[in-house]
Amino acid sequence: MERIRVKLKKTEDKSYEIIIGEDILKKIPQFLKKEKSAYVYVIITDSNVTSLYGQELLKVFKNSGLNSHLIAFHAGEAHKSRDTKAWIEDEMSKLKIGRDSCIIALGGGVVGDMAGFVAATYNRGLPCIQAPTTLVSSVDSSIGGKTGVDTPYGKNLIGTFYQPWRVYIDVSTLRTLHEKEIREGLAEIIKYSVIKDEKLFEYLEKNIEHVFSFTTKVLIHIIRRCCEIKGEVVELDEKESNLRKILNFGHTIGHAIENASNYTISHGEAISIGMVIEGEIGVELGFWNKLEFKKLLALLKRARLPVKLHKPLDITRIIDTMKLDKKARRGKIEVVLPKKIGEMAQVNGSYGIRIEEELIRRVLKL
Ligand SMILES: NC(=O)c1ccc[n+]([C@@H]2O[C@H](COP(=O)([O-])OP(=O)(O)OC[C@H]3O[C@@H](n4cnc5c(N)ncnc54)[C@H](O)[C@@H]3O)[C@@H](O)[C@H]2O)c1
Ligand SMILES: [Zn+2]
């Protein structure tokens, strides 16, 4: 028997910059001309964003003398699928897109996850620029490198970690969002403040109404802090072995609520309720104090988010979904719980805390 060892020590630097500002979308070609020389740029977007910003961005690229194309797929989570990925890849092949190209993911989280995944596998990987246009994608999906698609068996089941080359966040694009999309983003923003930043929590208490009125200064401040927090967490634990789990606050129960409602409850609404339930569990187990928990409740309400289920859901289905969660450990339910606003609790050095099914049932009934 012969044995050969293929040594692969990764030394690659995958660092990237996040640029946040007003009206920066149209400046992207200028930035690229200075520092990135791809032969072709492919803007991938969805059917809503294409008319709002996509066509315009393509024009700016072309006017700047950059060889560029735009591919738009149907908007909506239902199209974050393997079929759409294959369709985009075929469109790119028809355009003879080669390895010297760069993808620009222009849109919300659906576009970011889809275009990021295409970038990760097309020609074994093309650089990808994330240009988020929703609050959720600005503070969450465009950073951290998780890309992927849904299958009939579940959300985000197929995907890979693939870090962007650069992230451009143009807060001006947020002005066309519906209130519902603002609330979705606020649920994630409040989560960041609870897990890592008491000052951000206080800033939100003072300024949350300015988010609904799109005050640029406030948006930039909040988005910047959330990107810093997600960046710091991902930097320390890219593949979610411990610290990155704190980003799941509200999500273990939230995902199960989304699922049990057959997705009639949105992600942001579900994680808002999830943060309340997980927060309450934190209080019950003595990790967190009731006074701070009440502050969280008040802030979620001001963000126009639900804090409890308005229609009864099948609790057994919620529990079963939690046991099937990618993050569940051998059928045991693991959550992350606050210790105080700005810091999560740890048990034996681990942020993932196993809890009994009975406790969840009890709190869900409250
Ligand atoms: N990769 C990650 O780490 C990560 C994190 C969080 C969420 N996600 C994924 O992100 C997705 C949710 O993201 P989302 O909430 O941005 O959804 P989305 O991409 O579906 O966007 C929501 C809606 O807003 C429209 N839209 C986008 N930008 C707009 C604008 N500026 N003005 C008006 N309308 C606009 C879209 O066309 C869509 O109809 C989910 O698929 C989720 O799984 C991924
Ligand atoms: Zn989320």
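Domain bounds here come from an automatic or database domain assignment. The model itself is predicted.

**Stop 1: the second largest pocket**

Select domain 1 (17–176) and domain 2 (179–365). Each gives at least three residues to the lining of the second largest pocket. The space inside is about 430 Å³. Now show Ser 15, Tyr 16, Gly 231, Glu 232 and Glu 235. Of the 17 lining residues, these are the closest to the pocket's centre.

Next, colour strand 1 (17–21) and helix 8 (216–236). Each supplies at least two residues of the lining. Helix 8 gives the most, with seven residues. Then colour the lining by class: six residues are nonpolar, four are polar and seven are charged.

**Stop 2: the largest nonpolar core**

Select Ile 190, Ile 222 and Leu 296. Within the largest nonpolar core, a set of 53 residues, these have the most contacts. Now bring up the elements around them. Helix 5 (135–141), strand 8 (166–170), helix 6 (179–196) and helix 7 (198–212) each give two or more residues to this core, as do helix 8, helix 10 (267–284) and helix 11 (290–302). Domain 1 and domain 2 each contribute at least three residues to the core.

**Stop 3**

Key: Residues are numbered from 1 along each chain as its sequence is written. Chains are lettered from A and ligands numbered from 1 in the order in which they are written. This is a predicted model: local features need pLDDT of at least 70, side-chain atom pairs count only at pLDDT 80 or more; totals for chains, interfaces and linings use all residues. Side-chain values use heavy atoms; hydrogens and water are left out. On a 1 Å grid over the protein atoms alone, a cavity is a set of points where a 1.4 Å probe fits but cannot get out, and a pocket is an open set with protein on both sides within 12 Å along at least five of seven lines; lining residues have an atom within 4 Å of a point. Grid points are joined across faces, edges and corners, and a volume is the space filled by probe spheres set on the points. Helices (H or I, at least four residues) and strands (E, at least two) are DSSP runs, numbered from the N terminus. Ala, Val, Leu, Ile, Met, Phe, Trp, Tyr, Cys and Pro count as nonpolar, Asp, Glu, Lys and Arg as charged, and the others, Gly among them, as polar. A nonpolar core is a set of buried Ala, Val, Leu, Ile, Met, Phe, Trp, Tyr and Cys residues joined through side-chain atoms within 4.5 Å. Buried means under 20% relative accessible area, exposed over 50%, partly exposed in between (1.4 Å probe, protein chains only).
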